[in-house]
Amino acid sequence: MAEELPPETPEAEEKPIKQRKNGLYSGVSDELANNMKSGWADTELHGLEPIAQASHTAARRAALSARFPGERLVVPAGNLRTRSNDTEYPFRAGTEYTYLTGDQTHDGVLVLEPRKNGALDDGHDAALYLLPRSNRENGEFWLDGHGELWVGRRHSLTEAEQLLGLPAKDVREVAATLAEATGPVRVVRGHDASVEAALTDKVTAERDEELRVYLSEARAVKDEFEIGELQKAVDSTVRGFEDVVKVLDKAEATSERYIEGTFFLRARVEGNDIGYGSICAAGPHATTLHWVRNDGDVRSGDLLLLDAGVETHTLYTADVTRTLPIGGRYSAIQRKVYDAVYEAQEAGIAAVRPGAKYHDFHLASQRVLAEKLVEWGLLEGPVEQVLELGLQRRWTLHGTGHMLGLDVHDCAAARREAYADGTLEPGMCLTVEPGLYFQADDTTVPEEYRGIGVRIEDDLVVTEDGNRNLSAALPRRADEVEAWMADLKK
């Protein structure tokens with residue numbers, strides 16, 4: 001990649017532009033500085049339409065305003081994070097910020113200022129603080145490492161207002177504005193140290209946590225826009241799984257990384273990114289729940305546990321798992337384990353309906369797995385005692401699902417009574433993903449089981465009369481998986 005030009009200019013406004021320590025230019029002549037100020041066309045965009053979710057983000061801000069009347073609310077997007085020296089990780093805006101604005105730019109800050117109507121609280125005025133276009137007078141646009149000639153054009157504040165549907169101000173003013181704030185304030189922590197520093201004597205950890213918890217619980221029931229985005233994410237993910245099946249022979253000649261790269265290509269072409277690190281676990285690696293090294297061998301006769309999801313351009317992610325026979329056919333013992341997990345998933349999916357307790361689908365799946373383990377002689381019954389003592393967890397390990405949305409494990413800050421001990425409602429989106437994992441060194445099971453790991457995961461939305469499987473386009477039954485793979489390899 002190219003190196004930024006280093007120097008500062010005599011006309012620099014605000015603080016000087018930082019000079020690269022080992023840059024090859026010692027300075028900028030007045031003539032060059034003046035030359036760079038002129039000869040640029042006006043690129044302002046006019047008549048922009050609001051983003052698709054603008055009406056939904058407005059409704060979310062209104063609900064937030066009603067929940068915390070009379071309080072100033074501050075929700076940052078976050079900042080760029082250094083990967084090495086002067087290169088940054090790809091930026092991903094904070095979930096709470098994206099949920100309330102639809103914006104994804106770094107350094108942004110949403111501020112809800114309380115209004116007063118006499119002595120009564122009267123809602124909030126919302127404003128977004130954003131980076132404006134790069135300054136051309138002081139040379140920022142071409143001299144600064146984050147100037148637009150280096151990293152690309154960003155929207156003007158006026159353009160942002162049209163797109164996002166709320167006033168936009170210069171984010172370089174936000175710290176001073178917040179430092180002068182009076183009255184109660186809450187901030188979403190962990191994203192922007194400068195914002196938190198400006199509020200250090202105005203906020204408390206307990207009150208800020210209440211804000212974070214509210215925003216987590218608010219995301220539990222998805223609106224129609226969100227469900228549509230999750231369906232897009234799943235549809236792209238299905239195509240990514242098809243891509244992988246078509247190149248399994250190339251993966252056998254290389255490693256799990258070929259699978260990882262193949263799925264990543266689909267994610268970047270059709271979406272923003274992968275929603276989480278892809279698990280491309282072949283053979284005994286499938287027994288490691290979060291195997292993301294993806295550097296192992298891919299061998300015909302083994303299973304491939306592929307757990308992956310495309311993240312859309314609006315940052316909603318799918319989360320789907322299939323366990324595939326690399327050679328195209330399950331062996332007898334592989335099918336035995338696979339069919340048990342499939343039966344457990346069927347029981348779990350059947351338990352997803354409005355009015356059911358959230359944990360019902362987990363209990364239904366775990367019962368089936370416990371029954372199978374007792375039937376196979378791996379555990380001593382009765383099944384009720386196995387479940388009471390949690391003995392099946394040696395080989396099932398994890399919960400059977402989680403909420404899904406902007407975060408792959410969405411709503412994670414919600415109170416237990418509103419999540420794990422809560423009740424399912426129409427619009428909630430969740431995964432159902434039972435699994436059995438027999439470690440290669442587990443001497444408590446017959447040798448034929450060792451090194452087999454199976455998980456099947458689908459993304460569901462709770463409907464008025466049950467549920468809809470967003471990932472139903474991917475086959476799940478063992479014979480259907482084999483036929484699907486054979487067809488893709490023709």
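Because the model is predicted, local features need pLDDT of at least 70 and side-chain atom pairs count only at pLDDT 80 or more, while totals for chains, interfaces and linings use all residues; side-chain values use heavy atoms, with hydrogens and water left out.

**Stop 1: the helix pair**

Select residues 224-246, helix α10, and residues 256-270, helix α12. Helices here are DSSP runs of H or I with at least four residues, strands are runs of E with at least two, and both are numbered from the N terminus. The two axes come within 9 Å and cross at roughly 145 degrees; axes are lines fitted to C-alpha atoms, for helices over the stretch in contact, and angles run from 0 to 180 degrees between N-to-C directions.

Now show side chains. On α10, the contact residues include Ser-236, Gly-240 and Phe-241, and on α12 they include Ile-259, Phe-263 and Arg-266. Contact means heavy atoms within 4.5 Å.

**Stop 2: the strands**

Two strands pair if DSSP finds at least two bridges between them; β9 and β10 have 4. Look across from Ala-282 and you'll find Leu-304 in β10.

**Stop 3: the loop between β9 and β10**

Go to Asn-294, which sits in this loop. Is Asn-294 buried or exposed? It counts as buried, at 0% relative accessibility (buried is under 20% relative accessible area, exposed over 50%, partly exposed in between, with a 1.4 Å probe and protein chains only). Its side chain reaches the backbone nitrogen of Cys-280 at 3.0 Å. Leaving out residues up to four places away in sequence, Asn-294 touches Ser-255, Glu-256 and Arg-257, among others.

Asp-297 is partly exposed, with a relative accessible area of 42%. Beyond its neighbours within four places in sequence, Asp-297 is in contact with Glu-256 and Ala-282. To zoom out, draw a line from the C-alpha of Asp-297 to that of Leu-378: they are 81 residues apart along the chain and separated by 29 Å.

Notes: Residues numbered from 1 in each chain as written. Polar contact = N/O pair within 3.5 Å; in protein donor to acceptor, adjacent residues only side chain to side chain.
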